[in-house]
Amino acid sequence: MNTSYRPTLRLLYWLVAVAAFSSIGAVGVISASAVNAHAQDHSVITELLKEKQATQALAQLKTRLAQNPDDPHLRFLQGVAQALDGQNKTAIATFVRLTKDYPELPEPYNNLAVLYAAENQLDKARQTLEQAIRTNPSYSTAHENLGDIYAKMAGQAYSKALQVDDTNSTQLQPKLALIHDLFSVTGAGVLGASKTGLEADVVAVIAANGASGDKKQANSINQLLEPPALAPAAVVDAGAASAAATASAASTSPNSATPASSTAPANGTTMKDTAKEAVLAWARAWAAQNMDAYLGAYAPSFRPPSGASRSAWEKERRARIVGKRNITVELSNIEITINDSDVATARFRQDYKGDGFVSSNSKTLKLERVGERWLITREVAGG
Amino acid sequence: MVKARFANLVPLVLALGLGLGLSVFSVNAAEPTEPRNEPEQRLLEVLTLTSQGQSAAALEKAQELVRDYPNFQLAQLTLGDLLLARTRPLYTLGNTVVDSDESADALNDLRIESQRRVAAQKAVLPLGAIPQQFLRLSDTMRYAIAVDTSRSRLYLFENSPQGVRLVADYYASVGKLGIEKQIEGDQRTPLGVYFVTSKLQGTSLPPLYGSGALTLNYPNPLDERRGKTGHGIWLHGTPPEQFSRAPQATDGCVALADPDLTFLLETVETRRTPVVIAKELQWVQPSTQDSLRQAFDIVLMRWQEAKSQGDIDGLLSFYAADFRSSKKIDLSTWNTRLRQEITRLNGRELELKERSYLHWSDEDEVMVVTFGEVPRGDVSGPMRRQYWRHNGQSWQIFFESTV
């Protein structure tokens, strides 16, 4: 990693005091007039900071904090002064305490990120800035929308790069409608469109949201919209699909619809059933971006395509799966053939959606029984 | 504003091997004076900005580049990466999902193209160094071309009284199945010493050839001696839907981006322009080849003396037993020819003007020699091309004809 290039991040020098205070519930009640009084005083200090007079600012702050030790504005400015004075660790501690006491203020998160970046902890800086954005639900949504726009634009550029026809513009369902429509969850969308009419075995596998993992929602709207971060993808039987779609309107998560027949039944379990369940579990792991489960579905004897080594193949699969915000995998027309006491073949149609790319192809998996489990030994498109 | 995007682009930068602290790419032996290679230069500028963490500027330049060259697929890929990096870390160059073997191949080709373009720009060619095949270029050979297939690069040289200097170099594609053409239809690019035989304008050709073509004389006499077949090996442009092609893309021709091919069409002369196609070019300072050049000067001088003096036996000793001329003329017929020429010469000395030696070594060591054979007192004479082979002890001619 090239460490000589660090991003230049910008410290914030003041809190947007009035708005910040109006959303604080944690630390007592502070009158508006008191806020304004404080705001006026602090301008002296912010001037000092702008002129990089850290030592003088710190002195002033020490005096004032002695009288008002809990004043978030003063504490914030103290953090800034410490940062300008080169006392990175102290400044970090100051801002960390502020974020704990006032988790809804964006400015401390921003400055924390600046300090983390200065320490070359770039991923921590990134996460902290994401927290900054999430303090305001509107900014959070706008930021997500911006991300989706970039992803869509990237998709178009990639299509041109690979000379692939990109007229399938319904792939990436724009989240721009998210705020108005509380119930337009990715899962519900797929459920609503699921093929209830198909006579063959149709199983919709719904993805859990996002691989970055740190979408711990801070506000209530997002909690309604997205399933709980760790909920695995659920298997929904075709018959229950439409019922689940309407039921999800009131529930927190469409994934909580009871799977009718997905778990292995107690009696009469045939080899076909267990093999099929293994295939479904593999698809679920893929959609949930659960690399342990996904890679664990492949036998040690699995032969990666194009002669790649197992480790190279795993690395590539990881790269292709973990980075996605959203993966959906739908399997249909699943046919299981038992070739031998230990060998089975699964053929199905695989409809894949990953961040604005769709593909649909037939696939064949060769499975081998290893102990109690069916593991994949070969994976071939078509066949 | 969220700005911590640099980390996302690390794989892009690492994959390109741009190294530490490079803000300016190494300069080739000669700076082109015209803005050739402009799209490539702009792409590399995007990559430099990216490596410096200036992702916003890089993104802007990338958008301008694809606006101007929407069919420059590698630029589109770079743009895609820069856009995606705004939202999440990238794991690889061309961080996209492919859902077909075709797309996977295309993506892989773009990655290789990227590596080769960057590597060519980074390569430090010592000032004054030239491919070893150019042992001697005549004054009338104003331009010479050399292709390094392993680096997907075509080099254009200018030959002047001051010496041979590199004028420009371009990304170039070769045959789908690689190099070392043997037979018709094998989709390989031949290796060897060739000459530009004609120029064709794109308007008279199918769109595949882009802005036009320079035809080459494959199979040359060495190829024919080795039983190689095939035809239509050209330098040509690209179809309209692509700015440049995959490193291995053609049926055996060497393909360039249209602007690059156009420059060649406007610059080089037919029949006088050698085109060396090698697996990997060896660059040498001309002075290091002085002794080899002088040694061959002497060989050729002795041949000229034998012919001038009418020493037919001495002259014949320069010709290999398996000698052929064009139209399958063998040594005994050639013998008769030589005698006739000697008679016509009538003792006048021959001057060999505009000599050139192109030195080719593979399983054989070959010298492709061209000169004007002017009898003393004449204004001009026939242009001869001879293919000499070193048989371990001496040089002998296995092919000779008039150009």
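This report describes nonpolar cores, aromatic rings and charges over rings in a predicted model.

Local features require pLDDT of at least 70 and side-chain atom pairs pLDDT 80 or more, while totals for chains, interfaces and linings use all residues. Residues are numbered from 1 along each chain as its sequence is written, chains are lettered from A in the order in which they are written, and side-chain values use heavy atoms, without hydrogens and water.

A nonpolar core is a set of buried Ala, Val, Leu, Ile, Met, Phe, Trp, Tyr and Cys residues joined through side-chain atoms within 4.5 Å. Buried means under 20% relative accessible area, exposed over 50%, and partly exposed in between, with a 1.4 Å probe and protein chains only. The largest nonpolar core has 52 residues, and B:Leu154 is among those that touch the most other members. A second, separate core of 33 residues includes A:Leu162 and B:Leu77.

Over all chains, the structure holds 27 aromatic pairs. Rings of Phe, Tyr and Trp (its six-membered ring) pair if their centres lie within 6.5 Å; planes under 30 degrees apart count as stacked, over 60 as edge-to-face and the rest as tilted. The pair of A:Trp282 and A:Tyr294 is stacked, because the ring centres are 6.4 Å apart and the planes are at 20°. Both A:Trp282 and A:Tyr294 are buried.

A charge sits over a ring if NZ of Lys or CZ of Arg is within 6 Å of the ring centre and within 35 degrees of the ring normal.

| Charged residue | Ring | Distance from ring centre |
|---|---|---|
| B:Arg385 | B:Phe195 | 3.4 Å |
| B:Arg389 | B:Phe398 | 4.6 Å |
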